[in-house]
Amino acid sequence: MEKRRSLSIGCPDFREPMPTTAPDLFSNDYLSITTNPHARQAFLEKVSQLPFVFGAAGSRLLTGNNNSHTDFETRMSDFFGGPGCRASTAVLFNSGYDANLSFWSTIPQKSDAVVFDELVHNSIRDGMVASPLKAAGALYPFKHNSVASFRERVQNVLETHPNIASGEGMLFVAVETLYSMEGDYAPLLQIFDAVDELIPKSSAHIMVDEAHTSSLFGPEGRGLLYALGLQARVHSVLHTHSKGWGVGGATILTSAAIRKYLMLHARPFIYTTAPPHAHVCSLHIAFDYLTGPEGSELRDRLRSLSRYFEGVLQTALRHVPPDLLSLSERKIPEDYPSEIFSPIFPLTSRSPKLLEEFLRPLGYAVTAIPYPTVPRGKEGIRVVMHAGNTEEELDEFVTRLLQWVTMMQALEEHRKENGEMIAWQSQERAKL
Ligand SMILES: Cc1ncc(COP(=O)(O)O)c(C=O)c1O
C-alpha cells in the first residue's frame with residue numbers, strides 16, 4: 001500500500017463503482033455487446049428454455065462436464081479448425097487468465113524453452129513463471145515487436161539448447177496479436193517466417209493470444225490470424241470471450257493431444273468449477289451474433305469510428321505540446337491489409353492523474369496509467385473505441401480533452417507569472 005502511495009498509483013477500495021454517465025470510451029467491450037438490446041433479448045429467450053441455468057456444480061473432471069460445455073467446444077473447433085489448421089480442437093476456460101496460466105504452466109516441459117515478446121500479458125508471464133522453465137532459466141524475452149531481436153533470441157536459444165536444435169526439445173513462441181496497452185500489432189508474418197527459417201519444424205510451437213482481436217477481424221470475426229491468412233501456421237491460439245465477445249471466459253484452440261493434456265494436468269482447469277450453464281448460453285448467443293450479419297455491421301462501425309476518432313484527435317492535438325497530451329504511435333505492420341485498424345488509442349501525458357481527475361466528475365470511467373505500470377514517458381490514459389459509440393460522443397470527448405489542455409496551460413502560465421513576481425519582489429527587497 002505504502003509503495004503504491006509513494007508512486008502515486010492510488011489505492012482504491014473498490015466500494016465506489018466507476019462512473020457510467022458518460023459514454024464508454026475505456027472498456028474492452030469493443031463491439032458493445034454488453035449493452036446490445038438484441039443480444040440481450042436473444043439470451044433471455046434462449047436461457048428461459050434451458051433445463052439448467054445455474055452452476056455446473058463441479059469440475060469438468062468430476063460432475064461438471066455437461067453438454068453445454070462440450071457443445072460449445074465443438075462449435076468453436078468446427079468454426080476455427082479450417083483446412084490445414086493444427087489448432088483445431090477446443091478447451092473452454094473460466095477466463096483468459098486461467099487459459100494462459102493453464103497453457104504456459106503445463107505444456108512446456110523441462111527440456112523446452114520459450115521466446116516471448118517482452119510486453120506479453122501477465123497471464124502468460126504468470127504461467128511461464130509457474131512452469132519448469134523458470135527454474136531451468138529457459139525463458140527468453142525479445143524486444144517488443146522487434147523481428148531482429150526475435151531472430152537474435154531464437155539463434156541464441158538454439159546455440160545454448162542443442163537438444164532443441166536437434167529436435168529433442170520444443171521452442172515455444174509467445175506473442176499477442178494486438179497489444180492492449182500500446183495499441184500496436186505484432187509483425188506476425190515476419191515472426192512466423194523467422195520460425196520456419198530458423199527452428200526445426202518438429203521443435204517449433206507458436207502460441208498466439210488473440211484476446212484483443214477475437215471477433216474484430218477476419219471472416220465472420222474469426223480473428224486476426226484468419227484475416228492475415230496465417231491460421232494454418234500456428235500451433236495454438238487463445239480466444240478470450242471477455243473483450244470483443246462481451247461475455248467472459250476463453251477458449252484455447254490446439255491439437256487433440258495438448259487439449260487432453262491440459263484437461264488432465266492444468267491446475268486452473270482441474271481445480272475449479274466449470275462455467276455455469278447461463279454463462280455458456282451467453283457464449284452461444286454472442287457466437288450467433290458475432291458471426292451473423294449484425295456482427296459484420298458492428299465490425300464496420302468500429303472500423304469507421306476508429307478512423308474518425310484518429311482524424312479528429314490528430315487535428316485537435318496538432319498545437320498541443322506533446323508532453324502535455326499526445327497520441328502514441330500505434331504501429332501496424334506494412335504487410336497487413338489496409339482494413340486492419342487499431343481501436344486502442346494510448347494518450348500520453350506528463351499529468352495523467354490530473355487528466356483522470358478532470359474527466360471522472362464528467363462521468364468518464366477513465367483510469368490514469370502511471371509509471372511503473374508503463375515505462376516513464378508512456379504514462380497517460382487509454383481511450384478505446386466501441387461499435388456503440390457515436391461521432392458526437394467522440395467530438396464531445398475531444399472538446400473535453402482540449403478544455404483540460406487549456407486549463408493546464410493557464411495554470412502553468414499563472415505559476416510562471418507567480419514565480420516571476422516572487423523573483424522580482426525579492427530583487428526589489430534586496431535593493432532596499
Ligand atoms: C492479451 C491478454 N490475454 C489474456 C487476458 C486475460 O483475459 P481475461 O480478462 O478473459 O481473463 C487479457 C486480459 O486483459 C489480455 O489482455
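This is a predicted model: local features need pLDDT of at least 70, side-chain atom pairs count only at pLDDT 80 or more; totals for chains, interfaces and linings use all residues.
1. A polar atom of the Asp209 side chain sits 2.8 Å from the backbone nitrogen of Ala211. As for where to find it, Asp209 belongs to strand β7, which covers residues 204–209.

2. Is Asp209 buried or exposed? Asp209 is buried, and yet it has no salt bridge. The nearest side chain of opposite charge is that of Lys243, 7.9 Å away.

3. Searching the whole structure turns up 3 cavities of 30 Å³ or more, and the largest cavity has a volume of about 80 Å³.

4. What lines that largest cavity? Its lining includes Phe80, Cys85 and Ala87, along with Glu210, Arg222, Leu225 and Tyr226. Gln231, Val234, Val237, His239 and Leu253 are also in the lining. Sorted by class, the lining has 8 nonpolar, 2 polar and 2 charged residues.

5. Last, have a look at Ser304, in helix α14 (residues 293–316). Ser304 counts as partly exposed because its relative accessible area is 35%, which falls between the 20% and 50% cut-offs. Ser304 and Ala387 are 83 residues apart in sequence, while their C-alpha atoms are 9.0 Å apart in space.

Notes. Residues are numbered from 1 along each chain as its sequence is written. Side-chain values use heavy atoms; hydrogens and water are left out. On a 1 Å grid over the protein atoms alone, a cavity is a set of points where a 1.4 Å probe fits but cannot get out, and a pocket is an open set with protein on both sides within 12 Å along at least five of seven lines; lining residues have an atom within 4 Å of a point. Grid points are joined across faces, edges and corners, and a volume is the space filled by probe spheres set on the points. Ala, Val, Leu, Ile, Met, Phe, Trp, Tyr, Cys and Pro count as nonpolar, Asp, Glu, Lys and Arg as charged, and the others, Gly among them, as polar. Helices (H or I, at least four residues) and strands (E, at least two) are DSSP runs, numbered from the N terminus. Buried means under 20% relative accessible area, exposed over 50%, partly exposed in between (1.4 Å probe, protein chains only). Lys and Arg count as positive and Asp and Glu as negative; His and the chain ends are not counted. A salt bridge is a side-chain nitrogen of Lys or Arg within 4 Å of a carboxyl oxygen of Asp or Glu. A polar contact is a pair of N or O atoms within 3.5 Å; within protein, one must be able to donate a hydrogen and the other to accept it, and residues adjacent in sequence count only if both atoms are side-chain atoms.
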